[in-house]
Structures are given as C-alpha cells and as structure tokens.
Amino acid sequence: MRSILVVNPKGGCGKTTLATNLASYYAVWGVKTALVDFDPQESTLEWLKARPEAYEEIEGYSGLSGTIPLPEDTARVIYDAPARSVIDKVVELMRLTEVVLIPVLPSPIDIRAAAHFVGDLMVRGRLRQSKKLVGVVANRVRENTLIYHELERFLSSLEVPFVTTLRDTQNYVRAAERGVGIFELAPSAVEQDLEQWRPLINWLEGKRVHTR
Ligand SMILES: Nc1ncnc2c1ncn2[C@@H]1O[C@H](COP(=O)(O)OP(=O)(O)OP(=O)(O)O)[C@@H](O)[C@H]1O
Ligand SMILES: [Mg+2]
C-alpha cells in the first residue's frame, strides 16, 4: 500500500483538491483507493458524499476518530491534512506515509508561509535523513504573471522537488461540486490539466500505473 499525505498549514492552497483528484485518478484506473480526512470540516468526505454511484468507489474515513479501519486490499491511501496544523501534528501525520505532497499558491503570503513550513519540515521532520518522497506543487497558477515566476523561483530553490504546476481553472471547481476529479470529466475539456498532472503521477508512480 502506498500512502500520500497532502499537507500545508496555509488554508485554501489546494490540499483537498489535490487529494480528491489524486483519488479520482487512481479510481479511474481501478486502483483500490482510500481517502482519509484529518480536517474537522471533512471536505473530502463531503466530496465523497456528492460522488455519483455509477463512478468507481473510493473509500472515505475520518482520521479524527482514532484507528482507521482500512481494508487490507487498499492499494493507495491519501491523507488530507487540515489548515493550521502545527508542525508537531504534521510530523506525526508524516509517520503514516511514504509520500508528502505540498501545494503552494502564487501569493506573497503563501510563499512566505511555505518557506517557513518547508524549513520546519527539514528540521523537525528530519527530511534529509528520511527516505520520504517529499514534493511541492504550484497550484492555481496563471502563467505569465510576475507572481507565478516568483513562485516558480521559490519552489525551484527548495531542497525538495518541484513536481508540477497546476493552472487555475474552473475544471477543479466543477469536478469538486460533482464529487469527481478532472480525470472523470470529458477529456477534451481537461486536456491541459491532464498534461499538468502527468509529471506528478510519474513522480508518484514511476511506470507502475498508467497515465493517459
Ligand atoms: N487549480 C485550481 N483552480 C481553480 N480552483 C482551485 C484550484 N485548486 C483549488 N481550487 C479552489 O480553491 C478553493 C480551496 O481549495 P482546497 O479546498 O482544495 O484547499 P485546501 O488547502 O484543502 O483548503 P483548507 O486549508 O481549507 O482545507 C476551493 O474552492 C477549490 O475548488
Ligand atoms: Mg481542505
């Protein structure tokens, strides 16, 4: 079982969007997937409630109620962390997972917050010593904006890989409303988005799972 934690204490940077779309990707390819929500707001569980029955099933669990009864044949588990998690909590959640994914928005406040967070992770999460796969993702990007170039420079300067850039598009909003991911929308509408996810999927999976 491969497990992925999506985390960044900064609110609204795209943790739930990344977690649910990743789950949608695995679901589309028939990989048995679970979403574990550590957010009292339960956004991923709400997303699952909206999911039409005809779509591939994704198991959902609250991470707040102690042990998580993951079925043994779960192949991928995605943990959605809440906003404002303190570093000790993040380090505790990291123990559950092999992969840590950090979305960051193109805004000065988010860049500064991410600089602190990654710095804290390096020290408290002992990232250099650990074997964890840790990566950052630029989210809600409008290319050719100064702030995006600043974000790109910042993310490239970190000691952890800058995995991909996801554009700002209503495709994520529309998918979220319907309890699906972009992998389950009409391919012609999400061509550019699928392309942007490819480096992330390759980074996570190598060649083990298909990409479109
Ligand atoms: N790439 C994107 N393009 C357009 N809208 C996006 C994108 N990513 C996220 N959003 C929207 O931004 C809002 C915040 O995203 P999301 O809920 O995923 O962030 P979060 O980090 O989980 O927030 P919280 O810290 O509150 O848990 C949502 O309305 C979501 O639909
Ligand atoms: Mg969230």
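Predicted model: local features only at pLDDT ≥ 70, side-chain atom pairs only at ≥ 80, totals over all residues.
So, Leu35: in strand E3, its bridge partner is Gly60. Residues are numbered from 1 along each chain as its sequence is written, and chains are lettered from A and ligands numbered from 1 in the order in which they are written.

Okay, back to the strands. Leu35 points one way from E2 along with Thr33 and Asp37, Ala34 and Val36 point the other way, and all of them are buried. By buried I mean 20 or more other C-beta atoms within 10 Å of the residue's own; exposed is 12 or fewer, partly exposed is in between, and the C-beta atoms are placed from the backbone. With 5 of its 5 residues (33–37) buried, E2 is largely enclosed by the rest of the structure.

What does E2 pair with? Two strands pair if DSSP finds at least two bridges between them. E2 runs parallel to E3 (residues 59–62), over 4 bridges, with Val36 opposite Tyr61. E2 is also parallel to E4 (residues 76–80), joined by 5 bridges, and there Asp37 stands opposite Asp80. E2, helix H2 (residues 43–50) and E3 make up a right-handed β-α-β unit; right-handed means that, with the strands pointing away from the viewer, the path from the first strand over the helix to the second runs clockwise.

Zooming out, there's an open sheet of 7 strands, ordered E3-E2-E4-E1-E5-E6-E7, with parallel pairing. E3 and E7 (162–167) are the edge strands, each pairing on one side only. On average, neighbouring strands in this sheet are turned by 20° against each other, direction ignored. Helix H1 packs on the sheet and touches E1 (2–6), E2, E4, E5 and E6, and its direction makes about 165° with that of E4. For angles, axes are lines fitted to C-alpha atoms, for helices over the stretch in contact, and values run from 0 to 180 degrees between N-to-C directions. Contact means C-beta atoms, placed from the backbone, within 7 Å.

Over to E6, which is where Val136 lies. Val136 has 24 C-beta neighbours inside 10 Å, so it counts as buried. Leaving out residues up to four places away in sequence, Val136 touches Ile102, Val104, Leu155, Leu158, Val160, Phe162 and Val163.

Now the ligand. Which residues come nearest to ligand 1? Out of 19 around it, they are Gly11, Lys15, Thr16, Thr17 and Ala83; around means a C-beta atom, placed from the backbone, within 6 Å. H1 (15–28), E6 (133–141) and helix H6 (170–178) are the elements giving two or more residues to that shell.

Glu42, in the loop between E2 and H2, isn't glycine but has a positive phi, near 50°. Arg84, in the loop between E4 and helix H3 (87–94), isn't glycine either, and its phi is positive too, about 60°. Buried or exposed, where does Arg84 fall? Exposed, with 10 other C-beta atoms within 10 Å, whereas Glu42 is partly exposed, with 18.

Notes:
Contact = placed C-beta atoms within 7 Å.
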